[in-house]
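Subject: Structure for you to look at

Hello,

Here is the structure I said I would hand over. Please open it and keep it beside this email while you read.

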Amino acid sequence: MEILEEHENMYKISDQILGEYIFHKVFIQDKLLPFSQLIELSYTRRRFGLLHVLTPIINNYGFDDVRLKIIADMEKYWNSKDCEKIKMRFAKNFWFYIPSKTLVFLKSEIGRKANDDYNNYRFEIYKQNHIKSFEDHILETLVNFKRLPEKFSQAQELLLTYGLKSNELFSKYLKALTQSFTFDNENEHTDYDVQAKVLDFLFSKVPLDPVFYSRIILFITPEYLKSSYQTFRTVDSRFYITDRGVYLTAAHKALRTKLLGFVFERFSNKSLKFYVYDCLQAYMNKISSFHTYAKAIIFDRTQLMHFFRDHFSPKEYTDCFLVYLYGERLKYAGIRFDKRFSSKFMAPRYLLYLKLNEEYHKLKDYRGDFDNYEKYKYAELGLLIKNYTFSDYLKLFSDIQFILTEGKRFVRDAPIKDSISYILDILAQKDPKLFYRCLKNIFSFGFAKELELYRMFMRFKFTDASSERIRDILAKCPVGKNYLINFWFSLPPDLFTKRDITLLKRHIADGSFSYTGNLDAILPKAAGLYKDYSVEIGKIIDLLTERSEGIQKVSTHAPFFQYIESNYNELFRQRLARLQSLYFYFDQSQFYTKRQIRDSYLHKLWKTDSDTDFLFRAILEHFKGHIPISNSYSSEVTVVFKGGSKRELDFLRNSMSETNDKALITLIFNIVLSMYKEYKLEFVDLLLKKPNDFSLFTNVPLHVQSSLIMAGGSESGIARIKNNIRDIESYKVHLKNKDGVDFLEHIEHLEGKVHF
């Protein structure tokens, strides 16, 4: 706290402390001016934020003392208002002064909402990646009552009632249970009493609807049995994340024991058995790898092992999977696990799963040598199917269907589907006739919609007869036609036919085709089949753009456009306006990460000879509304630019010169500072030529940086501040070198940034 200010051996009382003293004396202690006027100005006229002003007063003079002196004014103001919106804003900020009135008000507000049938609700968390963000004043206010123990039980009743009103509110309720009432810095000083009260409240509701309330508890249990949690703090507009371990106190041990006991008791209920499985898997996946957080995990181990011995069957696929997973997670955490116990759990389908899904561990054994790993994979799967008949393959497909549907919640399906590709490849080489029968029948299984057959087609020995046979199987099957792209990609050019182009156009038109990623490799194979191939290319472009202009979007990639532009340039230029709708497929309502934008290969369009600037202008228009929370962070759209390109720089210069849109100018500055920092002063000059240049100047970023630093990150806060000051000084020098007094405000603004 700043008490005195010193300057050349002279001292004075800090302006902040003096101001708080005067505020307290005038409005609270002696009531020389009525506190009620402050409330009126803040909440009715909305002139300033009273909570922001009052917080340091409470910190200095104590909550109880301040509350005693202003409570009468607060209650008088509350009783004088009939407007629900004003009362809601007031209750959200000052619920702790008038807790009973707040709960009565919220009860009335909740009672006005209609009730849906909660039995149909989905169990999902509202905007899961936005931590503790509810966008709901009622819920946020009720959550805060966890800090008021004597009222918390009443708040929980209202919170549950509110959460059951609709599916969206229920998803927010689940978010509160899993994010707002779990572990944080506050709880460790109160022996995690909030968690205990939340769980006891939910336990008390189970008799009312055993399945529904048990599902709620099972859904949130993994969060309440974590051995560690993360804390977040902000320094210099940057986020720091730190891991902390749960304190295993006597009370917390009792809570963990009670909660695990509840989970185990639900296993015998057929309606809840699979939710118990989900709960246990989620718990295991949250086991921390840090040895310092192992005490809670070791404490739980005794109960879990007793449960496995008493209730799990070595013949059940899911039981085997979870025992294996638990052993792996304990090993990951450096905790002992009895492998003799897990070796008993070897159900036939689980053994198949291990065989099909061993890619991760075996690749580690081969130290990333994929070629040798692939030889091993072919040998192992070859032994698996060595004597298989057609009926054996159907049984294999059926077992895989079980693993990828009923057992899907417990597996990574990509390695399994990859193994299917290996198996079909082996079969195609060994017995083509049996392969054709199996290929035709595999498409009747649900998992066949998402197979990885590229490897099989790449290794397949195509002939006229075999290519026609596979073409027929794929074309005549609704699922099989999804793999025509893989087939065409691997098909030798001399076996490509006009029928393939006909199928491709039909495939695009009927909506089953949604990816252009391989067209640049496929289309050249048919070039010699037509007198004027550009006509067919034009038809394909038209079909794609018609699709893109409709409801069903086509996932497009730059290599396709580069192929058209390089080989059919006139056609490319004629269709450029329509190609915009095909290529620019971003959804205005969606947020895109840098990786998603990079994967679209937009940056490659800079290399084309044609004028594609209109595409990039459209991209900037879209992303100007998605500037980071702090515009000093690099925007996601910067990955569209590669840097070191005159064409990119000219585009940015022209875009800057042609617009007065504040958001667009801010985004352009962000891109320049991220990719072309050495030109920043040139863009400052472009900005200074605009109307209202000072307003624009104060809005644009002066520097950019990464947005997230983990605890212990390499770049210190002091180093960042020094770099930022250095950047600001460079702007000041640039402006001071200009003639006249036109930029005094700009320089003063920069000086204020340095002082801040």
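Below is what was found in it, from the whole chain down to single residues.

The chain as a whole

Please keep in mind that this is a predicted model. The chain holds 39 helices and five strands. Of its 756 residues, 50% are buried. If you take the contacts between residues at least 6 apart in sequence, 73% of them join residues at least 24 apart.

Helix 22 and helix 24

Two packed helices are described by the angle between their axes and the distance between the axes. Helix 22 covers residues 432-442 and helix 24 covers residues 464-475; their axes come within 10 Å and cross at roughly 20 degrees. An angle under 35 degrees counts as roughly parallel, so helix 22 is roughly parallel to helix 24. Their crossing is right-handed.

Which residues make this contact? From helix 22 they are F435, Y436, L439 and K440, and from helix 24 they are S466, R469, I470 and I473. Sorted by type, the residues of this contact are five nonpolar, one polar and two charged.

Apart from neighbours within four places in sequence, L439 is in contact with I470 and I473. Both of these belong to the helix 24 side of the contact described above. The C-alpha atom of L439 is also 8.9 Å from that of G480, a residue 41 places away along the chain.

Helix 24 also contains R471. Is R471 buried or exposed? With a relative accessibility of 1%, R471 counts as buried. Neighbours within four places in sequence aside, its contacts are F487, L491, L495, T497, R499, D500 and L503.

Helix 13 and helix 15

A second pair to look at is helix 13 (residues 273-285) with helix 15 (residues 317-332). These two pack with their axes 9 Å apart, at an angle of about 15 degrees. They are therefore roughly parallel to each other. Helix 13 passes helix 15 in a left-handed crossing, whereas the crossing of helix 22 and helix 24 is right-handed.

On the helix 13 side, the contact uses Y277, L280, Q281, Y283, M284 and N285. On the helix 15 side, it uses T318, D319, F321, L322, L325, Y326 and R329. By type, the residues of this contact divide into eight nonpolar, three polar and two charged.

D425 and Y378

D425 sits in helix 21, which runs over residues 413-430. Its relative accessible area is 0%, so D425 is buried. Leaving out neighbours within four places in sequence, D425 is in contact with Y378, R455, M456 and R459.

Y378, one of those partners, belongs to helix 19 (residues 370-384). Y378 is buried too, with a relative accessible area of 14%. Residues up to four places away in sequence aside, Y378 touches Y422, D425, I426, R455 and R459.

I98

Where is I98? I98 is in the loop between helix 5 (84-94) and helix 6 (99-111). Residues up to four places away in sequence aside, I98 touches I71, E75, W78 and F90. Its C-alpha atom is 9.7 Å from that of R67, which is 31 residues away along the chain.

Helix 35

The last item is helix 35, residues 662-675. Helix 35 has 14 residues and reaches 20 Å from its first C-alpha to its last, close to the 20 Å expected at 1.5 Å a residue. Why is helix 35 described as largely enclosed by the rest of the structure? The reason is that 10 of its 14 residues are buried. The buried residues are L664, I665, T666, L667, I668, F669, N670, I671, V672 and L673.

Regards

Definitions and conventions:
Residues are numbered from 1 along each chain as its sequence is written. This is a predicted model: local features need pLDDT of at least 70, side-chain atom pairs count only at pLDDT 80 or more; totals for chains, interfaces and linings use all residues. Side-chain values use heavy atoms; hydrogens and water are left out. Axes are lines fitted to C-alpha atoms, for helices over the stretch in contact, and angles run from 0 to 180 degrees between N-to-C directions. Helices (H or I, at least four residues) and strands (E, at least two) are DSSP runs, numbered from the N terminus. Angles under 35 degrees count as roughly parallel, over 145 as roughly antiparallel, 65 to 115 as roughly perpendicular and the rest as oblique. A crossing is left-handed if the near helix is turned anticlockwise from the far one by less than a right angle, and right-handed if clockwise. Contact means heavy atoms within 4.5 Å. Ala, Val, Leu, Ile, Met, Phe, Trp, Tyr, Cys and Pro count as nonpolar, Asp, Glu, Lys and Arg as charged, and the others, Gly among them, as polar. The expected span of a helix is 1.5 Å times one less than its number of residues. Buried means under 20% relative accessible area, exposed over 50%, partly exposed in between (1.4 Å probe, protein chains only).
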